[in-house]
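Here are a few notes to go with the structure, for anyone opening it for the first time.

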Amino acid sequence: MANTITFSLRNNQMTDLVNVSVVDQSTNQQAGSYVLNRDESASVQITADSWGKGSASWVFSTSDGSINSNKQQDGIADGDECTLG
């Protein structure tokens, strides 16, 4: 079983230039920082648990403050697509 998984994180918000910071919840370490336009995705790698699933949280915002939110998702499998909101 792999000790890391890779998932895509897609900007499903209605705006471009969303700043995103992802934290791997297994290690509490940053998994990446991205600037995503609408419908763009980033490939994120996180630690897998013994069932091959991962957990991540992300904070996302725009420089003008029109979007400022966060999300946590558990049970992420290799190859999954997650969305910001």
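The points below go through the salt bridges and the residues that form them.

1. Keep in mind that you're looking at a predicted model. The count of salt bridges in it comes to two.

2. Start with arginine 10 and aspartate 39, whose side chains meet in a salt bridge at 3.3 Å, N to O. Arginine 10 sits in strand β1 (residues 4-10), while aspartate 39 is in the loop between β3 (29-36) and β4 (41-47), so this pair ties together parts that are 29 residues apart in sequence.

3. Next, have a look at arginine 10 and glutamate 81: their side chains also form a salt bridge, at 3.5 Å from N to O. Glutamate 81 belongs to strand β7 (residues 81-83) and arginine 10 to strand β1, so here the parts tied together are 71 residues apart in sequence.

4. What do the salt bridges that share partners join into one network? That would be Arg10, Asp39 and Glu81.

5. How exposed are these residues? Aspartate 39 has 53% relative accessibility and counts as exposed, because the cut-off for exposed is over 50%. Glutamate 81, at 48%, counts as partly exposed. Arginine 10 is partly exposed too, with a relative accessible area of 22%; buried would mean under 20%.

How values were computed: Residues numbered from 1 in each chain as written. Predicted model: local features only at pLDDT ≥ 70, side-chain atom pairs only at ≥ 80, totals over all residues. Heavy atoms only, no water. Salt bridge = Lys/Arg side-chain N within 4 Å of Asp/Glu carboxyl O. Helix = DSSP H or I, 4+ residues; strand = E, 2+ residues; numbered from the N terminus. Buried < 20%, exposed > 50% of the residue type's maximum accessible area, 1.4 Å probe, protein only.
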